[in-house]
Each structure stands twice: as C-alpha cells, then as structure tokens.
Amino acid sequence: MAFLFYVFLEPICRFLGANDALMPYCVDYMLPIFAVIPFTVFGTMFQMSYITVGRAKLGLMLSVTGGILNIGLDWLFISVFGMGIAGAAIATSIGYAVPSVAGLVFFAIGRKKLLYIVKPKWRAHTLIKSCTNGASEMESVLAFSVVTILFNNTLMQLAGSNGVAALSIIWYAQGLFGGLFRGYITGISSVVRYNYGRQDQERLSKLFHISVKTIGITALCVTVLSYILGGGVVSIFARANQAVCEIALHGFRIVAVSFLMMAVNVFASGWFTALNDGKTSAILSFCRTIVFLVIPVLIMPRIFGTDGVWLSMSVGEGFGLLMSFYYFKKYKKVWTKDGNQEN
C-alpha cells in the first residue's frame with residue numbers, strides 16, 4: 001500500500017481535492033505518513049489486544065505516550081528545526097510507530113500471557129468470520145474517505161482552499177469528541193461479547209441501559225461544551241488565518257447539533273458488532289456514513305450554499321438515529337429476557 005501510494009501520490013492528491021496551491025503541502029505531509037502504514041495497522045491490532053488480555057491501562061498509556069510524543073516533536077521539528085509541514089508528518093509518524101513497536105515487543109517476549117505471537121495457522125473460516133463481523137468498521141473508514149473527497153470537492157467549489165481547511169478543522173474537532181464514544185464502545189465490547197457468549201441476558205440488559213445513560217449524558221455535555229469552547233478549539237488550528245477561523249467556527253456550531261445523534265449511532269454500530277451481528281452493524285454503518293451523508297451533501301449545498309455542507313452532516317446523523325432506534329427495537333430480545341419489555 002505504501003509503495004502504491006508513493007507511485008501515484010499526485011493523482012491521489014488531485015482525486016482527494018487538492019489544487020495547485022495545496023499540492024506541495026500534501027506531498028510533504030503524505031510521504032512520511034506512507035512510511036508508517038504498517039505501524040498504524042499493527043498499532044490498531046495491538047490496542048484491541050490489550051483490552052482482550054485485560055491490560056487496557058497499558059494500551060491507554062502507550063496511546064497517550066504516542067500522542068504526547070507527537071505533540072512534543074511537532075514543536076521541535078516545526079518551531080525549532082523549521083521543517084514545516086514535513087516535520088509535522090514525521091512527528092505524527094513517530095507517534096504512531098512507538099506504541100506499535102512497544103506492542104510488538106509486549107506480545108512477542110512472553111509466553112505466559114493470554115495472547116502472544118506465534119507462527120500463524122491457516123483458518124479460513126475464522127478469517128472470513130472476523131472480516132465479515134468487522135465489515136462495518138472497515139466500511140466506516142472507507143465511507144469517511146469517500147465522503148471526505150465529496151466534501152472537499154464541494155467546498156473547493158463553494159469556498160476555495162479556506163473552505164477545505166475549515167472542513168479539516170471540523171473533522172478534527174468531530175473526531176476529538178467522537179473518540180469519546182468510540183472509546184467507550186471499544187472498551188465495553190469485550191464485556192458484551194463475554195456475556196453474549198454466556199447468554200447472560202440480565203447482564204447484557206444492564207450493560208445496554210448503563211451504556212445508553214452514559215452515552216446520552218456524555219453526548220449532552222459534549223454538545224454544550226462544543227458551543228462554549230468551539231472558538232478555542234478552532235483557534236488552535238487556524239489562529240493565524242481569520243477567514244478560515246470564521247468559516248470553521250460557523251460550520252462547527254452547525255455540526256455540533258449532530259453530536260448527540262452521532263453518539264447513539266456510533267454506539268449502535270459497535271453494540272451489534274460486539275453481539276456478533278456484523279450484518280446489522282454494517283447496514284447501520286453503510287447507511288449512516290454513505291447513503292445518509294452523500295445524498296444530503298449532493299442536494300443541500302445547492303439550496304443553502306456552504307451552510308448546506310454543514311447541515312448535511314446533521315441531517316445524515318438524524319436519519320442514522322432513526323435507523324438505530326429501529327434496530328434496537330427489532331433485536332432487543334437478544335439482550336432482554338422478554339423481547340416485549342420496554343428497553
């Protein structure tokens with residue numbers, strides 16, 4: 001993958017919406033990132049493995065270490081060494097590599113742990129089941145890429161490179177808050193799977209109700225904080241460019257409406273994946289990230305201009321929320337003793 005991206009770097013950047021002004025920055029940033037694709041893949045796998053072996057705190061510590069290292073090296077490479085955007089990319093690459101290498105060492109040196117690296121054996125059924133059950137998560141990432149391309153090209157036409165820069169800021173902010181919800185469902189997935197395997201519906205029901213309350217309260221707090229701290233979040237990324245700040249802040253306050261709906265939708269997809277229902281999770285993910293986003297962003301900017309781009313995110317999450325409620329009601333018998341009881 002890294003080799004193919006290197007060979008076709010410029011056409012890929014053009015396809016993603018880069019113009020002549022943005023191209024040098026894209027090339028400088030993407031080349032170091034390509035080099036750490038293997039680290040990124042293994043790092044993701046190790047993070048899930050830490051949770052499985054009951055060492056979630058170690059995974060968190062390594063993840064935070066990588067993030068702090070990234071921040072520190074950003075300052076060193078950009079401010080001290082003057083390496084510009086290439087320095088930012090190298091800092092990000094090292095931030096990815098360190099937790100990945102640490103995970104490799106952790107799962108390679110000990111043979112008394114629940115999980116450790118061994119010579120692989122071919123188990124086609126297990127691989128196929130794993131891939132199909134995880135299809136929704138793969139689909140989410142691919143869908144995000146497709147939607148990003150569509151949003152980039154739409155905003156390039158409506159607001160130029162400032163609009164694309166504003167979108168990047170909003171994606172970052174959305175990812176920052178959305179990470180809370182994804183982190184929660186990732187953290188409880190192993191517990192859900194364990195109790196699902198035991199067919200312990202009482203515990204599953206408690207987990208569901210606790211999760212709904214936790215997600216709901218957290219999402220409400222995030223939405224309120226988004227309005228209060230939105231200006232500060234945006235200024236972190238574009239303090240020197242007033243035009244980008246204004247576009248991003250305006251768009252962020254429109255998008256913030258969707259955070260509560262996004263929380264439920266992210267939880268729904270992860271919940272059904274944990275229940276070994278990859279099909280339902282994939283349907284939810286596909287509709288939310290492709291169907292319910294692409295159609296609005298193709299239509300609404302023609303009516304509302306740039307605001308239509310931001311509104312399309314909330315509209316998409318709204319339709320996704322309705323579908324999540326539908327599947328919760330349809331399959332609640334899986335985690336309740338009485339499928340007809342209120343849930």
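**Ground rules**

I number residues from 1 along each chain as its sequence is written, and my side-chain values use heavy atoms, with hydrogens and water left out. Since this is a predicted model, I ask for pLDDT of at least 70 for local features and count side-chain atom pairs only at pLDDT 80 or more, while totals for chains, interfaces and linings use all residues.

**Entry 1: aromatic pairs**

I began with the rings of Phe, Tyr and Trp (its six-membered ring), which pair if their centres lie within 6.5 Å; planes under 30 degrees apart count as stacked, over 60 as edge-to-face and the rest as tilted. How many aromatic pairs did this rule give me? The count came to 23 aromatic pairs.

I then picked out Phe-272 and Tyr-331. Their ring centres are 6.1 Å apart and their planes stand at 75°, so I filed the pair as edge-to-face. Phe-272 belongs to helix α11 (residues 259-274) and Tyr-331 to helix α13 (residues 306-331), so the pair ties together parts that are 59 residues apart in sequence. My helices are DSSP runs (H or I, at least four residues; strands are E, at least two), numbered from the N terminus.

Next I checked accessibility, where buried means under 20% relative accessible area, exposed over 50% and partly exposed in between (1.4 Å probe, protein chains only). Phe-272 is buried at 1% relative accessibility, whereas Tyr-331 is partly exposed at 23%.

Tyr-326 and Tyr-327 also form an edge-to-face pair, with 5.0 Å from centre to centre and 75° between the planes. Tyr-326 is partly exposed at 47%, and Tyr-327 is buried at 10%.

Which residues share one aromatic cluster? I listed Phe-208, Phe-267, Trp-271, Phe-272, Tyr-326, Tyr-327, Phe-328, Tyr-331 and Trp-335.

**Entry 2: a cavity and a pocket**

For this I worked on a 1 Å grid over the protein atoms alone: a cavity is a set of points where a 1.4 Å probe fits but cannot get out, and a pocket is an open set with protein on both sides within 12 Å along at least five of seven lines. Lining residues have an atom within 4 Å of a point. Grid points are joined across faces, edges and corners, and a volume is the space filled by probe spheres set on the points.

My search of the whole structure found 1 cavity of 30 Å³ or more, and the largest cavity holds about 40 Å³ of space. Its lining consists of Asn-265, Leu-284, Cys-287, Arg-288, Phe-292, Gly-320, Met-323 and Ser-324. Which helix gives the most to that lining? It is α12, with 4 residues; α12 (278-304) and α13 each supply at least two. I sorted the lining into 4 nonpolar, 3 polar and 1 charged, taking Ala, Val, Leu, Ile, Met, Phe, Trp, Tyr, Cys and Pro as nonpolar, Asp, Glu, Lys and Arg as charged, and the others, Gly among them, as polar.

The second largest pocket has a volume of about 240 Å³. Of its 12 lining residues, Phe-208, Val-212, Val-264, Phe-325 and Phe-328 lie nearest its centre. Helices α9 (201-238), α11 and α13 each supply at least two lining residues, and α9 has the largest share with 4. This lining divides into 8 nonpolar, 2 polar and 2 charged.

Ser-211 sits in helix α9. Is Ser-211 buried or exposed? I found Ser-211 buried, with a relative accessible area of 0%. Leaving out residues up to four places away in sequence, Ser-211 touches Tyr-184, Ile-188 and Phe-267, where contact means heavy atoms within 4.5 Å.

Ser-161 lies in helix α8 (residues 135-197) and is partly exposed at 31%. With the same exclusion of residues up to four places away, Ser-161 touches Leu-22 and Met-156.

**Entry 3: positive phi**

Gln-199, not a glycine, has a positive phi of about 60°. Gln-199 is in the loop between α8 and α9 and is exposed at 54%. For Asn-276, phi is also positive, near 65°. Asn-276 lies in the loop between α11 and α12 and is partly exposed at 39%.
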